[in-house]
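These are my notes from going through one structure. I set down what I looked up, entry by entry.

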Amino acid sequence: MKIIKLYANWCGPCKVVEHTLLDLGIEHESINIESDEGYELASKYSIRSIPALLKFDGDKFIDKLV
């Protein structure tokens with residue numbers, strides 16, 4: 001399973017989610033929403049607010065939490 005967190009540096013709730021994931025020991029990849037890759041993922045999965053977590057099983061998209 002793979003977790004991707006979409007975030008922005010200026011986002012307070014994004015920092016809280018980051019600390020929570022680290023405290024729980026949940027491995028994840030963080031992608032800045034303001035990067036090209038972040039913009040593409042947000043567009044592809046209809047992300048309208050951050051933080052957002054995307055869950056994958058291999059390359060298969062499973063779910064999102066916004």
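**Disulfide**

I began with the torsion about the S-S bond of cysteine 11 and cysteine 14, which is about 80°, so the disulfide is right-handed. I note that the model is a predicted one. The sulfur atoms of cysteine 11 and cysteine 14 lie 2.5 Å apart, and the structure holds one disulfide. I then checked burial and found both cysteine 11 and cysteine 14 buried.

I traced an open sheet of four strands in the order 2-1-3-4, and its pairing is mixed. Strand 2 (29-32) and strand 4 (60-65) each have a single partner strand, so one side of each lacks a neighbour in the sheet. Strand 3 and strand 4 run antiparallel and are joined by five bridges; in one pairing I looked up, leucine 54 has lysine 64 of strand 4 as its bridge partner.

**Helices**

I found helix 1 (residues 12-24) packed on the sheet, where it touches strand 1 (2-7), strand 2 and strand 3. The direction of helix 1 makes about 155° with that of strand 1. Helix 2 lies across strand 1, strand 2 and strand 3, and runs at about 95° to strand 2.

**Loop between helix 2 and strand 3**

Most residues other than glycine have a negative phi, and most peptide bonds are trans. In this loop I looked up serine 46, which has a positive phi of about 55° although it is not a glycine. Serine 46 has 41% relative accessibility and so counts as partly exposed. Proline 51 lies in the loop between helix 2 (36-44) and strand 3 (52-57), and the peptide bond from isoleucine 50 to proline 51 is cis, with omega near 5°.

Methods. Residues are numbered from 1 along each chain as its sequence is written. This is a predicted model: local features need pLDDT of at least 70, side-chain atom pairs count only at pLDDT 80 or more; totals for chains, interfaces and linings use all residues. Side-chain values use heavy atoms; hydrogens and water are left out. A disulfide is a pair of cysteine sulfur atoms within 2.5 Å. Buried means under 20% relative accessible area, exposed over 50%, partly exposed in between (1.4 Å probe, protein chains only). Helices (H or I, at least four residues) and strands (E, at least two) are DSSP runs, numbered from the N terminus. Two strands pair if DSSP finds at least two bridges between them. Contact means heavy atoms within 4.5 Å. Axes are lines fitted to C-alpha atoms, for helices over the stretch in contact, and angles run from 0 to 180 degrees between N-to-C directions.
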